Amino acid sequence: MTIALVVSGVLFSAFSHARDLADIKEEGVLRHIGVPYANFISYINNGSIHSLSGLDVEIVKGFADHLGVRYEFIPASWTNVIGKLTGQQTEFTDNKIVKGGSVAQEGDIIANGVTVLPWRTQLVSFSYDYFPSAVWLVARADSDLQPIQPSGSTAQDIFTVKSLMKGRNVLAMEHSCLDPNLYDLYNTQANIIIPTHARKLSEMVPAILNNDAETTLLDVADTLIALEKWPGEIKVIGPVSEEQRMAAAFRNDSPELRKAFNQYLTQIKKDGTYNALVEKYYPSVFYFYDSYFNGNR
């Protein structure tokens, strides 16, 4: 299977009509929209170096191969990723969906560790979930905040963590699963800091290590990577969200493509391919979520 790294809007003419499974097979290409994030998508394209890897990259490449079509990658950001799929610029700002003008539909599937959030389900159709998540409060190791003792109740643990946030500087990020509006964090009397310039989720921990803030919100995937990358420099205080799930996103008018992806996902989970990929990119996740990956949900 030929793999293409495609810069959206430059190397191909974006389609503007609905595409479902039959159209994709006829054209012979599946376009994967993704935001470089954690080990789901690692993407470098600086002219001299072209690199693309990650859990979701391998899943969608495998799906394209399964369909017998070519794979293309369409890079995106958190602010434009949904628009590249649906054809309408859409953001989640100040706890509400804000729809803008029409934009080119550039791809067929979003897969980059996308958390299934209520506002997103109003805009796209999600596949079966395939990765567990949650949002945690993470602090520098030198903070006087201490990890909470789990109570056995996630709701109680969230209440405890939120009570510790009063007066603390907490780094967060809108348009993502780290949006403070999603978890009523403005009511904690914490000093919520939203970056004034574009920042990647992978830059949240470096920011607190640089003293931009004492703590940051972080999801499971990025936390696992950060704990390995900066051992002894950060600590997890506790959860600010209930358990969440990640999945791939499709246009609402692509039901057959979504169905085919769900069938493929079921197949690779059953034959062990999926767990092998998770082990490759997130080996420590089994320690926290063994039951999820071993079918005991």
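A pocket, as I use the word here, is an open set of grid points with protein on both sides within 12 Å along at least five of seven lines, and its lining residues have an atom within 4 Å of a point. I am working on a predicted model.

**Entry 1: the second largest pocket**

With that in hand, I looked up the second largest pocket. Its volume comes to about 420 Å³. I found 16 residues in the lining of this pocket, and Trp136, Val236, Gly238, Pro239 and Tyr289 are the ones that lie nearest its centre. Helix 5, strand 15 and helix 10 (285-293) are the elements that give two or more residues to this lining. Which element gives the largest share? I noted strand 15, with four residues. Sorted by class, the lining of the second largest pocket holds 10 nonpolar, three polar and three charged residues.

Next I turned to helix 5, residues 154-164. Helix 5 lies across strand 11 (135-140) and strand 15, and I noted an angle of about 125° to strand 15. Gln156 sits in helix 5. Is Gln156 buried, partly exposed or exposed? Its relative accessibility is 39%, so I put Gln156 down as partly exposed. I also checked Gln156 against Pro239: they are 83 residues apart along the chain, and their C-alpha atoms are separated by 9.8 Å.

In helix 10 I picked out Tyr292. Its relative accessibility is 6%, and because buried means under 20%, Tyr292 counts as buried. For Tyr292 and Asp179 I have 113 residues of separation in sequence and 25 Å from C-alpha to C-alpha.

**Entry 2: the sheet with strand 15**

Strand 15 made me curious about its sheet. Five strands form an open sheet in the order 13-12-14-11-15, with mixed pairing. Which strands stand at the edges? They are strand 13 and strand 15 (234-239); each has a single partner strand, so one side of each is left without a neighbour in the sheet. On average, neighbouring strands of this sheet are turned by 35° against each other, direction ignored.

Strand 12 and strand 14 run in the parallel sense, with two bridges between them.

I then went through the backbone angles. Asp184 is not a glycine, yet it has a positive phi of about 55°. Asp184 belongs to the loop between strand 12 (169-171) and strand 13 (191-193). At 47% relative accessibility, Asp184 counts as partly exposed.

Asn211, again not a glycine, has a positive phi of about 65°. I placed Asn211 in the loop between helix 6 (204-209) and strand 14 (215-219). Is Asn211 buried or exposed? Its relative accessibility is 55%, and because exposed means over 50%, Asn211 counts as exposed.

**Entry 3: a hairpin**

Strand 3 (residues 42-45) and strand 4 (residues 50-53) run antiparallel and are joined by four bridges. Ser42 stands opposite Ser53 in strand 4. There are four residues between the strands of this hairpin, and Gly47 takes a positive phi near 100°.

**Entry 4: the cavity**

How many cavities of 30 Å³ or more does the structure hold? I found one. The largest cavity has about 120 Å³ of space. Its lining has 16 residues, and Trp78, Val81, Ile82, Trp119 and Arg120 lie nearest its centre. The elements that give two or more residues to this lining are helix 3 (81-86), strand 6 (88-93), strand 8 (109-115) and helix 4 (118-121). By class, I have 10 nonpolar, four polar and two charged residues around the largest cavity.

**Entry 5: strand 8**

Seven of its seven residues are buried, so strand 8 is largely enclosed by the rest of the structure. Which way does strand 8 run against strand 2 (residues 29-34), parallel or antiparallel? The two run parallel and are joined by two bridges, and His32 stands opposite Ile109 in strand 8. With strand 16 (residues 244-250), strand 8 runs antiparallel over three bridges. There, Val114 stands opposite Ala247 in strand 16.

Terms used: Residues are numbered from 1 along each chain as its sequence is written. This is a predicted model: local features need pLDDT of at least 70, side-chain atom pairs count only at pLDDT 80 or more; totals for chains, interfaces and linings use all residues. Side-chain values use heavy atoms; hydrogens and water are left out. Buried means under 20% relative accessible area, exposed over 50%, partly exposed in between (1.4 Å probe, protein chains only). Two strands pair if DSSP finds at least two bridges between them. Axes are lines fitted to C-alpha atoms, for helices over the stretch in contact, and angles run from 0 to 180 degrees between N-to-C directions. Contact means heavy atoms within 4.5 Å. On a 1 Å grid over the protein atoms alone, a cavity is a set of points where a 1.4 Å probe fits but cannot get out, and a pocket is an open set with protein on both sides within 12 Å along at least five of seven lines; lining residues have an atom within 4 Å of a point. Grid points are joined across faces, edges and corners, and a volume is the space filled by probe spheres set on the points. Ala, Val, Leu, Ile, Met, Phe, Trp, Tyr, Cys and Pro count as nonpolar, Asp, Glu, Lys and Arg as charged, and the others, Gly among them, as polar.
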